[in-house]
Each structure stands twice: as C-alpha cells, then as structure tokens.
Amino acid sequence: MPAHHRSSRYGRYTGGPDPLAPPVDLSEALEAVSEDVMAGYSPEDALREFLRRGGRGRDGLDDLSRRVQQRRRELLKRHSMGGTLEEAKKLLEKALRLEREQFLRDARMDPMDRSFREMQLEGLPSSTAAAISELASYDWQSPSAREAYEQIKDLLGRELLDQRFAGMKQALENATDADREAVAEMLRDLNELLGKHGRGEDTDEDFQDFMAKHGDYFPENPQSVEELIDAMAQRSAAAQRMLNSMSPEQRQELMQLSAQAFGSPELMDQLGRLDANLQALRPGENWGGTENFEGQDGLGLGDGTGVLQDIAELDALAEQLAQHHRGANLDDMDLDALARQLGEDAAVSARTLTELERAMRDSGYLQRGADGDLRLSPRAVRRIGKALMRDAAQNLSSRAGRRDTRLAGAAGEPSGATREWQFGDAEPWDVTRTVTNAIRRTAAEGGDARALRLDVRDIEVAETEARTQAAVALLVDTSFSMAAEGRWVPMKRTALALHHLVSTRFRGDQLQIVAFGRYARALPVDELTGLPPVREQGTNLHHALLLATRFFRKHPSMQPVLLVVTDGEPTAHLLPDGESWFSWPTEPETLRATVEELDRLGRMGTQATFFRLGDDPGLERFLRRMAERIDGRVVAPDPGDLGSAVLDEYLNARSGDPDDL
C-alpha cells in the first residue's frame, strides 16, 4: 500500500498565552504587594503599583507607556501633511517642462500658436490646484507632458481611495478604465449596504453577497456588517483628522484638486456619501481631532491616514496602559496593537504582566472582603510571614555565627503533628509519612515502587512542643510617628514573622498582637498587615498593657511574655469611663496609670522586653526605668533588624536560657 504522508505547517503560536511557557513566578509580585500593603496601600493599589513598576528584567506599565508616548512623538516630529500636494506639484512642473521642451523641438509649430501656448502656460495661477483645473481643457502637444498631467488625476484618485481603503494607492497603480469602474461599482454597492443598515433594512445575506463580490477590497476580512463599519469608520475618521490637521491653505488646495480625481465627479460623490454614512453610523469616533505635525517627511493622503490611525491606536494603548477607569484590568490590553506599534518584546512584557495580574487574583493570595475590597488572604499572610521569619532567622544565625536551632522547636515532646522538612530543621523524621510520600511520588512519576529512592521532597518531620508554653503579647506602637519616621513597615514585618513562628513552630504558645495609638486594640495579623497609618495623636501604652493583662489572665498556666515596640513616651491613658485622655508633653497622670498597669504584669511573673526605636533621650530614660521595675530588658535595634531582635527575645524568654543557641 502506498504510504500516506500528511504535511504539517509550523508557525508562531497566536492562540493566547503560550501553553508550554513556565508558570509566572508570584514570589516577587507577592513580596512587592505585601510591602506596599504594609506601608498603607490597599491591595488593589499595591498590585497596580507593582504592575506599573514591573519586575526584575521586565518592563512595567509605566515603561510601556513611555515607549508609547515616545513613538507618538516620533511620528509627529518626522512627518508633515503636504505629501500629496507636493507630489501633484512635482508632476505639474514635470508636465510643464516637457511641454516647453516640445515647443523648442517642434520646428513645424506655427509661431503664433507657440507664442499663444507659452503665454497660456506662463499665465497659470500660482496655486497648484487652480493651475491643474485650468489645464483641464488644454491641448497638450507633448505626449509625455499629457501623460504626466494624467498621472496627477490618477494620483489624486488613488490617494483619495487609499484614505478610505488601505493599499488602494498601490493596487490601482496603472489601473485600467475597467479597474476604475469596478471601484466605482464597489462604492455604489457599499453605500447601498450602509444605507440599508442605517435604516435597519439589511440582512446577513446582503452582507455575504457584498463580501462575495467585493471582499478583495477589505483585507481586514470583516465577519459582519458591524465589523465592516468599525474598520471603515476608524480609517475614515483618521482621514478627517488628517484634513483637520492641515493648514487652511493646504485644505483648500486639496479640496480643489479632489475634483480632478480620476477625472470622475462620481468618485467624489460616492466618497462623500460614504463619509456621511460612516459618520451617521459611528458618531462616537473622533471626527474632529487634530494633530500638530512638525517634520519634513511629507505624507500622502493614504499614508497620512495610516499615520493618524497609528496615533489613534497609540492613544488607545496609552489609555489601556493607564488603567484609570474603574474595573480596568490588563485583560483589556490589545496585545496585537502593542506588537504592531512597539514590537513583539513589548507584547511579551504586557502578556507577562497580564498573566501576573490574573495569577495574583486567581492564586488565592488576594480575596474580596465583605465590603467588596481586595485584601491579602490568610494564605498570603502565611507565605509572607514564612519568608520574613526565614530572613529573621538568617540574621540571627549570622549574628550568632551558627544556625539558630531554637527555631526548630526540637527540645520538647512530640505534638503528634508532622510537616514538610525545611532547611535547618532538627526534629526527628516521621519515617512512616516519609516512606509513604516516596511511594506516592514514585508511582505518580511512573517509577517502580520496588526500587524506592527517597527524595528531599518526601521528608516529613515530627513536630515537637516546648515543655514550657508561653502566652506572648506583642504590643506595637501605631502612632503616626511610626509611619513618619519609616518604622511602620518594619513593625508589621516583625509582627508577621513572630506570628508565623508561633503558629508553625510553637503551636502550644498563644500570641496576641495589640496595636496602640490614641486607643489600643487587639488585631488579627491580617488586619494589622493592611492597617494604614492614621494621623492620630496619642501613644496609649496604658491601654495596651491593660489588654495584655487580660490576655495573660486567660492563659494562667502559660509563661507570660511581654514584647513592646514603641518610638515615643506615653502621651495618653484610659479613663474609668473608657475615654482616652491625651496630653503632650507627658503628664504625671499618664505615667502613673501606665506604671501601675506594668506593676500588675510584674506581679504575674511577666518577662518583658522593650524595643526602643529612635534616639529620643526622654524615651530612653522612660523605657530604662520601666524595664528596671519589672526586671526586664531594653533593646534598641535598627528598624531593619527589629524582626530578628523580637524573635531573639521571644526565643530567649520561652527557653529561659539566653545563651542556649
């Protein structure tokens, strides 16, 4: 039997995102978004900011917007609007030169006739359009001169058609009378179809018949009359904007010249009807705009219309990249237009940003709250906390000169739970879970379970609980000075890292985060993460200590650990009626209330550490005396090292041995 061969054609994939491309890496985006959220941005605005800035080695929306504007400026600075007029003028000058040369060569010409013709040519108006019109009935003696003059009419006809139908100037070069009649017939049929559509009388069959007959004139290959109108109206509107951009003199000359197009008044009549139909059907197009062209490269009517279409497309891209309107997202981006105007690399950058935006929304890292606003999900908070805890642990290890094994939580009893092994863990392996994971992975990968080999991905460790459980109250100053002095984000990063450490490594411990400004309140970590700075006077440490006392009393069997992060002396305290009383500088009543509450914590055996941010001498004296009253410590870290310092103090407090590294 003869072999059957099936031919295949290969080309660039154009069906949307590349199905073989690796998934986008969300770690950089999540880190950037979380930083901005902690600085006070909403998650929606934080995501927008990341997309505007772009990532490592990748253009953002702002970079693409700059390239769009640069391309627009280049078009305006390179071109001018008088190309067709200049070309017509050159053809006229050529015709006149050839005609005069004929006068000199033709010795048999009657001298009176020669003189009359010379006077006729010398007396032509200075206006190119008027001169061409006056020569309409002139009896040319030179065949070459007559041909050059006829080329003017041909040029004008092709340019006028090229304004409405891209490529007509080239397609109709050296056109025959039959070709011109075919164009005229197409225009008549097109106006008839648009007229019927405007009256609501057309059918799909009318459109199909029109395309079957005249489809070669429409390379856009519209699939409906609406798509046909859209394509035609966009170019026709660009043609009108080109006319609007000309000087009054240029516009008048062009209008006079148009009457000579193909030597056929019917052409101008049909084009006029076409423009009127399109304006009526698409009044929302920009028919009245103008552009200020400043260059030397003269554009013909067709090319100029194409440049105006390019400018309109660039303006639309600028609007898409700006993402100003409510509900905007990058799925609205016209990637084909971006590739046409800026190149394939720009389309790749925009596609990557689109995939990042979609992945961030679909990954579960952002979720809608009850109020409809985006916020970081618990999953995102956990991932951020894990990264922050890892960074803090590395800082601790580098300071100690060795790995901080306290983060592994190994010195305790098994909790019954297991988790995936992480670098630095010292807990014993859960052999059963590890081997089971290896069997499942080997089977999923198509391997032979009888030749089992362990992989680091298979390992699970048995979690342990410390013998001493702790109730930890982290009190964080949220007065406006924290944001104003650049301490807002480090404070939040610290809370996230501590929350992740307690919730994953020391699950027997209890953590409460208390934010204190004019008032104090306990906050879940995800709410603290998105908490914006507020211009509020007052540092109510008294209220925060009250909440810490209540928290410790709920967990009487646990070791109370108090961690206070602040950059200012207390300037407010809580009155018996629940109101906050503020005074600056600090009043004795505020100090007295704060110290009394601290003494209650001291009587409960609380281990306290105060983290002083800033170099204010008054704050330094205050915190030193507070620490002395409760037998605590004062630590003065740099804001960037705050997380490591807090984790270090927490681990020291719960281990009972500061040197046990």
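**Entry 1. Contacts and overall make-up**

I looked up the sequence separation of contacts in the protein chain: among contacts with a separation of 6 or more, 72% join residues 24 or more positions apart. I note that the model is predicted. The protein chain has 661 residues, and 48% of them count as buried. For its secondary structure I recorded 25 helices and 14 strands.

**Entry 2. Helix pairs**

I took H4 and H5 to begin with. Helix H4 covers residues 83–105 and helix H5 covers residues 111–122; their axes lie 11 Å apart, at an angle of about 160 degrees. Angles over 145 degrees count as roughly antiparallel, and H4 and H5 are therefore roughly antiparallel to each other. The crossing in which H4 passes H5 is left-handed. On the H4 side I listed Leu96, Glu99, Arg100 and Phe103, and on the H5 side Arg114, Arg117, Glu118, Leu121 and Glu122. Sorted by class, this contact of H4 with H5 holds 6 charged residues, 3 nonpolar and no polar ones.

I then turned to H9 and H10. The axis of helix H9 (residues 177–199) comes within 11 Å of the axis of helix H10 (residues 204–214), and the two cross at roughly 165 degrees. That angle makes H9 roughly antiparallel to H10. H9 passes H10 in a crossing that is left-handed. Which residues meet here? From H9 I recorded Glu185, Met186, Asp189, Leu190, Leu193 and Lys196; from H10, Asp206, Phe207, Phe210, Lys213 and His214. The contact of H9 with H10 divides by class into 5 nonpolar, 5 charged and 1 polar.

The next pair was H2 with H16. Helix H2 (residues 43–53) and helix H16 (residues 344–362) have axes that come within 11 Å and cross at roughly 155 degrees. H2 and H16 are therefore roughly antiparallel to each other. I noted the handedness of the crossing of H2 and H16 as right-handed. H2 contributes Glu44, Leu47, Arg48, Phe50 and Leu51 to the contact, while H16 contributes Leu353, Leu356, Glu357, Met360 and Arg361.

**Entry 3. Leu335**

I placed Leu335 in helix H15, residues 335–342. Beyond its neighbours within four places in sequence, Leu335 is in contact with Ala347, Ala350 and Arg351. Leu335 and Arg351 are 16 residues apart along the chain, and I noted 7.3 Å between their C-alpha atoms.

**Entry 4. Arg612**

Is Arg612 buried or exposed? I found a relative accessible area of 12%; the cut-off for buried is under 20%, so Arg612 counts as buried. Arg612 belongs to strand E13, residues 607–612. A polar atom of the Arg612 side chain lies 2.7 Å from the backbone oxygen of Gly614. With neighbours within four places in sequence left aside, I listed the contacts of Arg612 as Thr566, Leu619, Glu620, Leu623, Val634, Val635, Ala636 and Pro637.

**Entry 5. Backbone geometry**

Where is Pro585 placed? I located Pro585 in the loop between strand E12 (580–582) and helix H23 (588–603). The peptide bond from Trp584 to Pro585 is cis, with omega near 0 degrees.

I recorded a positive phi, near 55 degrees, for Asn221, a residue other than glycine. Asn221 sits in the loop between H10 and helix H11 (225–245). Its relative accessibility is 48%, so Asn221 counts as partly exposed.

I also noted Asp631, a residue other than glycine with a positive phi near 60 degrees. The loop that holds Asp631 runs between helix H24 (617–630) and strand E14 (633–635).

Methods:
Residues numbered from 1 in each chain as written. Predicted model: local features only at pLDDT ≥ 70, side-chain atom pairs only at ≥ 80, totals over all residues. Heavy atoms only, no water. Axes fitted to C-alpha atoms, helices over the stretch in contact; angles between N-to-C directions. Helix = DSSP H or I, 4+ residues; strand = E, 2+ residues; numbered from the N terminus. Parallel < 35°, antiparallel > 145°, perpendicular 65-115°, else oblique. Left-handed = near helix turned anticlockwise from the far one by under 90°. Contact = heavy atoms within 4.5 Å. Nonpolar A, V, L, I, M, F, W, Y, C, P; charged D, E, K, R; others polar. Buried < 20%, exposed > 50% of the residue type's maximum accessible area, 1.4 Å probe, protein only. Polar contact = N/O pair within 3.5 Å; in protein donor to acceptor, adjacent residues only side chain to side chain.
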